[in-house]
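Subject: Structure handover

Hello,

Here is the structure I promised to pass on. Please open it next to this email and follow along.

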Amino acid sequence: MKTLDPSKRYLITGGAGFIGFFLSKALLEKGAEVIGLDNMNDYYEVSLKEDRLSILKNEPNYHFIKADLADKKALFSVFDEFKPQIVVNLAAQAGVRYSIECPDAYIQSNIVGFFHILEACRYYPVEHLVFASSSSVYGGNKKVPFSTDDKVDKPVSLYAATKKSNELMAYSYSKLYGIPLTGLRFFTVYGPMGRPDMAYFKFAKKIMAGEPIQIYNNGDMMRDFTYIDDIVKGVENMLCNPPAQDENGAAYKIYNIGNHKPEKLMDYIAVLERCLGKEAKKEYLPMQPGDVYETYADVEDLMRDYSFKLETTIEEGLGKFAEWFLEYNKER
């Protein structure tokens with residue numbers, strides 16, 4: 001396995017997002033040149049994206065471009081100017097429930113936008129394209145842990161359907177145009193400066209405001225919560241290690257990237273309460289459309305191929321999040 005090469009030029013779409021920010025920061029700290037691209041949409045607070053960027057903008061090797069993947073001309077101009085050698089596509093419209101309310105955003109960002117990324121990598125050849133998929137593709141699968149060998153053709157949300165579509169599109173482009181591609185099915189990523197639409201972040205806001213938190217399926221749910229630092233290390237390890245060709249001649253591979261240890265939702269909430277020093281008021285509700293009972297990642301191939309290690313417990317991870325959250329909101 002090759003170590004990260006700081007002489008390469010890395011393009012990270014969704015660069016002002018949660019994972020995009022921390023990955024950019026890690027690469028910059030190793031001396032790499034990073035181009036961050038983001039449309040800065042208002043799906044959640046733009047101020048948080050701006051705060052992330054404020055940490056990166058003074059880095060001499062960092063370039064930020066505000067652009068939308070749905071704008072093919074703008075995207076191609078970025079490839080033409082910077083000629084990235086390794087691309088990490090993290091830009092997407094996220095959220096299972098929001099895909100029920102606003103499906104158009106998912107088609108534009110996750111289908112049209114991803115198509116434009118593939119086209120850009122076709123016309124401006126890259127050494128490796130790593131792209132974000134999601135654990136949501138497993139839908140209501142009952143077999144656990146979820147394996148990348150499992151059938152995932154019954155998505156229970158449009159968001160999941162777009163992510164599975166990305167995987168299919170990526171395979172065809174790898175086969176047709178020789179683009180080395182790795183897809184990552186992320187499992188419930190959390191940590192400081194995370195996404196405010198995620199449950200743990202919304203819980204923290206309501207707990208500190210003295211408002212009840214909404215707990216779905218009456219609390220009977222399990223999630224494979226994965227701390228941001230573990231995610232970033234896993235992605236870093238694979239950037240300079242594109243997959244070998246398969247029997248069809250496609251240099252393509254899908255990995256789960258998760259904690260491999262599902263936690264009961266109520267246990268997770270209890271840890272968050274302790275870290276914040278305040279007990280939550282609770283409102284119990286039925287399962288929501290598009291939601292699933294359990295996520296559980298089989299990461300054996302990721303551990304084998306990229307020495308992936310899980311080092312952060314939920315006590316450590318939520319402790320770091322709570323420390324940041326309390327300080328961040330004190331300044332507002």
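Predicted model: local features only at pLDDT ≥ 70, side-chain atom pairs only at ≥ 80, totals over all residues.

Start with the open sheet of 7 strands. Its order is β3-β2-β1-β4-β5-β6-β11, and the pairing is parallel. β3 (62–66) and β11 are the edge strands, so each of them pairs on one side only. From one strand to the next, the twist averages 15°. As background, strands of a sheet pair through backbone hydrogen bonds, either parallel or antiparallel.

Now look at some of the pairs. Strand β1 (residues 9–13) runs parallel to strand β2 (residues 33–38), and 5 bridges join them. Here R9 stands opposite E33 of β2. Strand β4 (residues 86–89) pairs with β5 over 4 bridges, again in the parallel sense. In that pair, I86 has H128 of β5 as its bridge partner. On to strand β6 (residues 181–186): 6 bridges join it to β5, and the two run parallel. L129 has L181 in β6 as its bridge partner.

Strand β5

Is strand β5 buried or exposed? Of its 7 residues (128–134), 7 are buried, so the strand is largely enclosed by the rest of the structure. In a regular strand the side chains alternate between the two faces of the sheet. In β5, H128, V130, A132 and S134 lie on one side. L129, F131 and S133 lie on the other. Both faces are covered.

The second largest pocket

This pocket holds about 260 Å³ of space. Which helix gives the most to its lining? That is α6, with 4 residues. Both α6 (158–177) and β11 (252–257) supply at least two lining residues each. Among the lining residues are D149, D150, K164, E167, R185 and K253. Others include V152, L168, Y171 and Y252. By class, the lining has 6 charged, 5 nonpolar and 1 polar residues.

Cysteines

How many disulfides does a search of the whole structure find? The count is 0. C121 is in no disulfide, and its nearest cysteine sulfur, that of C240, is 15 Å away. C121 is buried, because its relative accessible area is 2% and the cut-off for buried is under 20%. C102 has a relative accessibility of 26%, so it counts as partly exposed.

Backbone details

Most residues other than glycine have a negative phi, and most peptide bonds are trans. A few places here are worth a look on that score.

A cis peptide bond joins V144 and P145, with omega at about -5°. V144 lies in the loop between β5 and α6, and P145 lies in that loop too. V144 counts as partly exposed because its relative accessibility is 35%. The C-alpha atoms of V144 and D298 are separated by 8.1 Å, although the residues are 154 apart along the chain.

K83 is not a glycine, yet its phi is positive, at about 45°. Find K83 in the loop between α3 (72–82) and β4. Its relative accessible area is 48%, so K83 is partly exposed.

S307 is not a glycine either, and its phi is positive, at about 50°. It sits in the loop between α10 (300–306) and α11 (314–330). S307 counts as partly exposed because its relative accessibility is 45%.

Best wishes

Technical notes. Residues numbered from 1 in each chain as written. Heavy atoms only, no water. Disulfide = S-S within 2.5 Å. Buried < 20%, exposed > 50% of the residue type's maximum accessible area, 1.4 Å probe, protein only. 1 Å grid on protein atoms, 1.4 Å probe; cavity = no way out; pocket = protein on both sides within 12 Å on 5 of 7 lines; lining within 4 Å. Points joined across faces, edges and corners; volume = space filled by probe spheres on them. Nonpolar A, V, L, I, M, F, W, Y, C, P; charged D, E, K, R; others polar. Pairing = 2+ DSSP bridges. Axes fitted to C-alpha atoms, helices over the stretch in contact; angles between N-to-C directions.
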